Amino acid sequence: MIDWLTLRIPMTEELGRPILDRLNAAVGMLVSIRPDGSKAWEKACLDHESLRSDTPGLFWTVQGDSEGRRMLVIGGSPASIEHGINVFGSADIRHCATVLVRFAGKCLDAILPPVDLWQCRRIDITENYDMGSHDAVKHALRLLMATDSARRKASSDRHGGDTVYWSPKSDVMTGKAYHKGPQLRQLERKGKTQIEDMESFALMADRLLRFELKLGSRWFRAFEKAKSWLELTPLDLTVLHDQFFSRFVGSVEVADMSNFQEKLEKSAIDNGMTKGRGKAAYGLWLNIRSIGYDQARLATSKATWYRSIAVLRLAGLSDAELCAGNVHQIVRKQLVLSNPVTSWAQLRNAA
């Protein structure tokens, strides 16, 4: 589903003269002056105090772009706007954008241009996975926090919802995994959900592990050189989500270790390498299980390490399994990226 959209549109006549006049009247300029008195830069700055600001569920502002144009920027969760809660929703980007633009028009008391005239600068793509229980979600997050990937950051929420981040400062792709139940309760405390009997929904959400992929502004600037953002299909978004997270979660069950050496040798040969490369990968795997990931890395030459790790990943091991040195059977049986929960009814039936 699409959990967040950020859209923007140039503040030109296409926006409509009434709303354009209102916004321009409230926009000032933030200017940076050099020590010699010359102007270093300037950018548009919206004075929210001069405009209506009671817009729950909608983020909006005025910003300048790289060409010096003023842009109206809106953002929000289409699922929250449409359903009052952002657990399940649509993956149809045109539908979600239309929901957001219409809601923004209502909040801003204006008829805004259709979605085809807007630019997209952020999409959050989320999938929910039923882990069966509150404790199983926590266990899965602890395993994910054991990964040692580049720019990975793990933290623990004071409300009890552990969160794992990947590339958190990137403006291309950012990923995170978190416990939906505690996060849903936090949204309720902040007044950001609009649904009755919240506790019953939160209890169901306690079983959900959510993976969230954010496509940022730099990703869209590159994508728009070839296609319109409105051409992104639900399948496209699913593929992007799976490609990002499959490295950390893994997609192949490795339960029976008795034939694992044979599997590694076959994987090496299938990918144009030698049988010996597979044997070396198996030796490294045994070493990781024996003395741990960090010690095994120190005891292995750099070239051998990376060649063997490549074979282990081709065989389906995720970063979490490599760092943990084992295959956690509960998580491997339940956490399958291609099998998310997509509705409350599905979640109830699985209980």
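This is a short tour of a predicted model, one selection at a time.

**Stop 1: colour by confidence.** The chain averages a pLDDT of 81. At least 70 is the score of 83% of the residues. Now select helix α7, residues 217–223. Among the elements of the chain, α7 has the highest mean pLDDT, 95. Then jump to helix α14, residues 329–334, which has the lowest, 42.

Next, select residues 251–256. The pLDDT here is below 50. This stretch has 14 contacts in the model beyond near neighbours in sequence. Residues 327–334 also stay under 50. For them the model has 20 contacts beyond four places in sequence. Where pLDDT is low, the predicted coordinates should not be read in detail.

**Stop 2: helix α3.** Select residues 93–108. How far apart should the ends of the 16 residues of α3 be? At 1.5 Å a residue, α3 should span 22 Å. The end C-alpha atoms are 22 Å apart, so expectation and model agree.

D92 caps the N-terminal end of α3. One of its side-chain oxygens lies 3.1 Å from the backbone nitrogen of R94. At the other end, just after α3, D109 takes a positive phi of about 55°.

Now show the buried residues of α3: I93, C96, A97, V99, L100, V101, A104, G105, C107 and L108. What covers them? The cover includes strands β1 (2–10), β4 (59–64), β5 (70–76) and β6 (119–130). Helices α1 (17–25) and α2 (78–83) are part of it too.

Pick C107 from that list. Its relative accessibility is 9%, so C107 counts as buried, the cut-off being under 20%. C120 is at 0%, and therefore counts as buried as well. The structure holds zero disulfides.

**Stop 3: the largest nonpolar core.** This core has 57 residues. Which element gives the most to it? Helix α3 does, with eight residues. Select L72 and I74, the members that touch the most other members.

Stay on L72 and show what surrounds it. Leaving out residues up to four places away in sequence, L72 touches L7, R8, I9, M11, L15, L23, W60, T61, L108, L112 and W118.

**Stop 4: helix α4.** Select residues 134–145. At 1.5 Å a residue, these 12 residues should span 16 Å. The end C-alpha atoms are 17 Å apart, which agrees. The buried residues of α4 are A136, V137, K138, A140, L141, L143 and L144.

Terms used. Residues numbered from 1 in each chain as written. Predicted model: local features only at pLDDT ≥ 70, side-chain atom pairs only at ≥ 80, totals over all residues. Heavy atoms only, no water. Helix = DSSP H or I, 4+ residues; strand = E, 2+ residues; numbered from the N terminus. Expected span 1.5 Å × (residues − 1). Buried < 20%, exposed > 50% of the residue type's maximum accessible area, 1.4 Å probe, protein only. Core = buried A, V, L, I, M, F, W, Y, C linked by side-chain atoms within 4.5 Å. Contact = heavy atoms within 4.5 Å. Polar contact = N/O pair within 3.5 Å; in protein donor to acceptor, adjacent residues only side chain to side chain. pLDDT = per-residue confidence, 0-100. Disulfide = S-S within 2.5 Å.
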